[in-house]
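Work through the exercises below with the sequence and the structure at hand. Each task is followed by a worked solution.

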Amino acid sequence: LCEAVVGYPWVDKRIGRKVVVHESRIDDRSPGMLLLEQGKTHQPGTTIFEGPVFDGQETIRLDLDVLEADWYPRFGVAEWVFDKHQSLAEFHGEVALSDGWVDFETQYARVRLRVRVVAVY
């Protein structure tokens, strides 16, 4: 599972407070689930966030937590109710709005996010 919260620093600076433009959390039963085997590489093609940005905006703020779920009734996962989730890898920071990659890893997981910017006009 990937919990994600996205904000626009460009907007935050203009209005003086942090604004969330996208949120996907387990408690809201909104993230989809990926089935992975330990030690295997997987390219799920999952979109974390897609949405419009403002002219002149150069970054988004991303808080992403890749979790192993032991209790997620939405998908019938009911292994261990007392310790629901384990964080495998986290990213907290700004992501440039330009085509490229964001890589991060821990002892449990290596994550590579592809950033793709599509011009509307």
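**Exercise 1. The chain as a whole**

Among contacts in the chain between residues at least 6 apart in sequence, what percentage join residues at least 24 apart? Describe also the order of elements, the extent and the surface of the chain.

Solution. 
- The model is a predicted one.
- The share of those contacts that join residues at least 24 apart is 51%.
- The chain has 1 helix and 8 strands, and their order along the sequence is β-α-β-β-β-β-β-β-β.
- Along the principal axes, the C-alpha atoms fill a box of roughly 45 × 30 × 25 Å.
- Of the 121 residues in the chain, 29% are buried.

**Exercise 2. Charges and salt bridges**

Solution. 
- Start with the counts: there are 14 positive and 20 negative side chains in the chain. The centres of the two sets lie 4 Å apart.
- Side chains of opposite charge can pair when their charged atoms come close.
- A salt bridge here requires a side-chain nitrogen of Lys or Arg within 4 Å of a carboxyl oxygen of Asp or Glu. The count by this rule is 3 salt bridges.
- One of them joins D12 and R61, with 2.4 Å between the closest N and O atoms. This pair links distant parts of the chain, since D12 belongs to helix α1 (residues 9–15) and R61 to strand β3 (residues 59–69), 49 residues apart.
- The cut-off for buried is under 20% relative accessible area. D12 has 11%, so D12 is buried. R61 has 12%, so R61 is buried as well.
- Another bridge pairs R25 with E23, the closest N and O atoms being 2.7 Å apart. R25 is partly exposed because its relative accessible area is 32%. E23 is partly exposed because its value is 43%.
- D103 and R112 also form a salt bridge, at 2.8 Å from N to O. The cut-off for exposed is over 50%. D103, at 48%, therefore counts as partly exposed, while R112, at 52%, counts as exposed.

**Exercise 3. Nonpolar cores**

Which residues of the largest nonpolar core touch the most other members, and which element gives the most to this core?

Solution. 
- In soluble globular proteins, nonpolar side chains tend to be buried together.
- The largest nonpolar core holds 18 residues, and those touching the most other members are L62, L64, F91, V95, V102, F104 and L113.
- Two or more residues of this core come from each of β1 (2–7), β3, β6 (85–96), β7 (100–105) and β8 (110–115). The element that gives the most is β3, with 4 residues.
- Take L62 as an example. Beyond its neighbours within four places in sequence, L62 is in contact with V5, V6, I48, F91, H92, G93, V95 and L113.
- Another core, of 6 residues, lies apart from this one, and L1, I26, A69 and V77 are among its members.

**Exercise 4. An arginine in a loop**

Where is R17 found, and how many Å separate the C-alpha atoms of R17 and R74?

Solution. 
- R17 lies in the loop between α1 and β2.
- At a relative accessible area of 56%, R17 is exposed.
- R17 and R74 are 57 residues apart along the chain, and 33 Å separates their C-alpha atoms.

Notes. Residues are numbered from 1 along each chain as its sequence is written. This is a predicted model: local features need pLDDT of at least 70, side-chain atom pairs count only at pLDDT 80 or more; totals for chains, interfaces and linings use all residues. Side-chain values use heavy atoms; hydrogens and water are left out. Buried means under 20% relative accessible area, exposed over 50%, partly exposed in between (1.4 Å probe, protein chains only). Contact means heavy atoms within 4.5 Å. Lys and Arg count as positive and Asp and Glu as negative; His and the chain ends are not counted. The place of a charge is taken as NZ of Lys, CZ of Arg, CG of Asp or CD of Glu. A nonpolar core is a set of buried Ala, Val, Leu, Ile, Met, Phe, Trp, Tyr and Cys residues joined through side-chain atoms within 4.5 Å.
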